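Let's take a walk through this protein together. Have a look at the sequence and the model first, and then we'll go strand by strand.

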Amino acid sequence: MIVDLDTGAETQTVDGEGSAPVNVDEFIKRARPTTWIVDERIAARAVTAIAGQAKKARKTLLILHLVECVARGEAWLGHQCNKRPVIFVGFEGGDAFIAQRVMDVGHKAALLPDEVSIPASFQMGIAGWTWVLGRLRRAAKDVEPWPVLICIDTLSQVLAACNIDENDNMAVTRFLGDLEKLVQAAGAALVFSHHFSKSNYQMRGASAIMALCNWCDINMIKGEQGLLRLEWSLRHGPGGVDGVRVNKPNGMFTF
């Protein structure tokens, strides 16, 4: 018996065999238009990697700004966000560091009388990742929609916690392939931050990371202090380029 995770429909199979082939007219009924969480940049039911230098690429800053914008339903880097709950799992910097960066990108330490709390939650380390993974698996198993945005900082830390060598292409392929199936079944979206290699401005680790993820490279434009260039290569859309200036006047970042 095979169960369709989207519809719950059951398909009988013959012992030792998979399901029977379907003709093209039936097969194309499975097509699903892309649902964007961030218009033309971050898709639902997909895994995305945002990569840059290990230091000063502003990966964490940009992703925390993404958390804030999606949770509020505001534009991120000029692209409108589809408001939904967000979960951020951080492996680097510690609670105090991440909390300060959340305020740096615009979140207030206390709500004003006419404000309501945004639907964003924070967890740290392997405990947070384990909770997220368990929740995704439950949603997929029970055909229970869980349309959230999950942001993980960083992919390398998650792979290490799972005892996976980031240069092992087969292991990374299995890891990301299984994750993609989970977020597709749950209706969720998963965004990882990732590092460039130390020797050059290229993606670090297995080629499967670039092959299986929507991808964004963050580069600092030479001679333009604080000006970043984000180059998007998407499996679920045309991609494109975004520019953003990141200043830090009086301890606050501006976009």
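How many bridges join β6 to strand β8 (residues 149-153)? Five, and the two strands run parallel. Strands pair when DSSP finds at least two bridges between them. One spot to look for is G90, which stands opposite D153 in β8.

Before going further, a word on what you're seeing: this is a predicted model, where local features need pLDDT of at least 70, side-chain atom pairs count only at pLDDT 80 or more, and totals for chains, interfaces and linings use all residues. Residues are numbered from 1 along each chain as its sequence is written, and side-chain values use heavy atoms, with hydrogens and water left out.

Now for the overview. The protein chain has seven helices and 12 strands; helices (H or I, at least four residues) and strands (E, at least two) are DSSP runs, numbered from the N terminus. Of its 255 residues, 43% count as buried, where buried means under 20% relative accessible area, exposed over 50%, and partly exposed in between (1.4 Å probe, protein chains only). Take the contacts between residues at least 6 apart in sequence: 64% of them join residues at least 24 apart. A contact here means heavy atoms within 4.5 Å.

Back to β6 (residues 86-90). Five of its five residues are buried, so the strand is largely enclosed by the rest of the structure. V86, F88 and G90 point one way, I87 and V89 the other way, and all are buried.

L149 stands opposite A189 in β9. Strand β9 is mostly covered too, with seven of its seven residues buried. A189, V191, S193 and H195 sit on one side, and L190, F192 and H194 on the other. Next comes strand β5 (residues 47-52), which pairs with β9 in the parallel sense over six bridges; A51 has H194 as its bridge partner.

Let's turn to the aromatic rings. The whole structure holds five aromatic pairs. Rings of Phe, Tyr and Trp (its six-membered ring) pair if their centres lie within 6.5 Å; planes under 30 degrees apart count as stacked, over 60 as edge-to-face and the rest as tilted. F88 and F122 form a tilted pair, 5.6 Å centre to centre with 45° between the planes. This pair links distant parts of the chain, as F88 in β6 and F122 in β7 are 34 residues apart. F88 counts as buried at 1% relative accessibility, whereas F122 is partly exposed at 38%.

A second pair brings in the helices. The ring centres of W129 and F175 are 6.3 Å apart and their planes are at 40°, so this pair is tilted as well. W129 lies in helix α4 (residues 125-141) and F175 in helix α6 (residues 169-186), so the pair ties together parts that are 46 residues apart in sequence. W129 is buried, with a relative accessible area of 2%, and F175 counts as buried at 11%. Together with F192, they form one aromatic cluster.
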